Amino acid sequence: MTTTPIAASGTFTIGDLTVHRLGFGSMQLTGPGVWGDPKDPDEAVRVLRRAVELGVNFIDTADSYGPVVAEQLIKKALAPYADDIVIATKAGLTRQGPNIWTPVGRPAYLRQQAELSLRNLGLEQIGLFQLHRIDPEVPLEDQVGELAKLQEEGKIRHIGLSEVSVEEVETASKVATIATVQNLYNLANRSAESLLDHAEENGIGFIPWFPLATGELSKEGSPLTEIAADKGATPSQLALAWLLRRSPVMLPIPGTSSVAHLEDNLAAAEVKLTDEEFAALEAAV
């Protein structure tokens with residue numbers, strides 16, 4: 001794996017795929033409400049290419065981002081992919097308009113979306129395929145079971161879950177090996193603490209979505225501002241550094257539609273917190 005500034009974030013192995021722990025999330029590369037094309041598609045492509053230049057090799061997306069828009073931008077920017085790039089996508093949420101998300105987990109639908117993601121991303125195999133939400137109308141075993149079939153067929157390599165409880169992970173693990181979980185988690189919202197502990201105990205990657213609380217943690221006047229000034233870092237960098245320090249299975253995926261913001265976020269890989277700073281950040285929020 002090429003040595004870059006991102007390498008300072010460390011690595012984690014998803015099944016048999018080793019990635020730098022600080023990745024990139026593509027949701028913000030779409031239009032308002034995660035709907036339609038971005039305001040500046042060329043900048044979106046630049047963001048993706050710059051992320052890879054800086055060493056990012058774990059990129060998270062979903063069929064519902066746009067929908068389809070984020071996956072196709074990733075293909076346009078990065079295909080054919082470097083050997084170490086791992087693309088993680090998701091299926092299981094349908095879209096009926098801006099900011100509207102409806103779970104659908106019927107096996108035939110999940111299979112269809114996996115096939116479409118292969119096409120939209122320009123991949124022969126999806127490195128990590130995640131169930132975006134559990135559909136309460138369909139047995140969890142049937143939803144994960146279909147992903148296991150896709151895995152057996154070689155269309156996906158590893159299976160992940162999103163927004164789940166420890167109990168749901170344990171149920172799904174009886175059907176297939178769960179490589180990652182992705183839940184809301186950041187310095188200000190640690191409601192998924194028990195899931196993170198379970199992931200760490202079982203070697204499961206933990207992908208915190210909204211790692212910066214969509215800007216709330218990094219805005220002027222936040223509790224991080226004073227500590228950031230003393231550290232010579234930005235509040236967003238400290239929030240990401242705290243996540244990286246919190247657990248070795250943590251895989252933050254900060255997203256942005258701006259190259260400048262991307263570079264600022266990724267600089268967090270080289271911010272090292274002392275025990276005192278880590279505790280102070282935890283107590284400050």
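At roughly what angle do the axes of helix α2 and helix α3 cross, and within what distance do they come? Before you select them, a word on the ground rules. This is a predicted model, in which local features need pLDDT of at least 70 and side-chain atom pairs count only at pLDDT 80 or more, while totals for chains, interfaces and linings use all residues. Residues are numbered from 1 along each chain as its sequence is written, and side-chain values use heavy atoms, with hydrogens and water left out.

**Stop 1: two helices**

Select residues 69–78 for α2 and 107–121 for α3: their axes come within 7 Å and cross at roughly 35°. Helices here are DSSP runs of H or I with at least four residues, strands are runs of E with at least two, and both are numbered from the N terminus. The axes are lines fitted to C-alpha atoms, for helices over the stretch in contact, with angles running from 0 to 180 degrees between N-to-C directions.

Now show side chains at the contact, which means heavy atoms within 4.5 Å. From α2 you will find Glu71, Gln72, Ile74 and Lys75, and from α3 Ser117, Arg119, Asn120 and Leu121.

Stay on α2 and colour by accessibility. Buried means under 20% relative accessible area, exposed means over 50%, and partly exposed lies in between (1.4 Å probe, protein chains only). In α2, 7 of the 10 residues are buried, so the helix is largely enclosed by the rest of the structure. The buried ones are Val69, Ala70, Glu71, Leu73, Ile74, Ala77 and Leu78. Their packing partners are α1, β4, β5 (86–91) and α3.

**Stop 2: the loops on either side of α2**

Select Pro67, in the loop between β4 and α2. Then jump to Pro80, in the loop between α2 and β5; the bond from Ala79 to Pro80 is cis, with omega near -5°.

**Stop 3: Asp60**

The side chain of Asp60 makes one with the side chain of Lys90 at 2.7 Å, and another with that of Gln182 at 3.2 Å. Among the other residues that Asp60 touches are Phe24, Tyr65 and Ile253.

**Stop 4: the nonpolar core**

Which residues have the most contacts inside the largest nonpolar core? They are Phe58, Val181 and Phe206, in a core of 87 residues. Such a core is a set of buried Ala, Val, Leu, Ile, Met, Phe, Trp, Tyr and Cys residues joined through side-chain atoms within 4.5 Å. Its largest share, 6 residues, comes from α8. Centre on Phe206 to see its contacts, including Val181, Leu195, Val249 and Met250.

**Stop 5: salt bridges**

The structure holds 16 salt bridges, each a side-chain nitrogen of Lys or Arg within 4 Å of a carboxyl oxygen of Asp or Glu. Pick Glu263 and Arg50, whose closest N and O atoms are 2.8 Å apart. Glu263 lies in helix α9 (residues 259–266) and Arg50 in helix α1 (residues 41–53), so this pair ties together parts that are 213 residues apart in sequence.

Next, pick Arg246 and Glu193, with a closest N to O distance of 2.4 Å. Arg246 belongs to helix α8 (residues 235–246) and Glu193 to helix α6 (residues 193–202), so the pair ties together parts 53 residues apart in sequence. Arg246 is buried at 18%, whereas Glu193 is partly exposed at 24%. To finish, select Arg111, Glu115, Glu146, Lys149, Glu153 and Lys155, which salt bridges with shared partners join into one network.

Conventions:
A polar contact is a pair of N or O atoms within 3.5 Å; within protein, one must be able to donate a hydrogen and the other to accept it, and residues adjacent in sequence count only if both atoms are side-chain atoms. Lists of a residue's contacts leave out its neighbours within four places in sequence.
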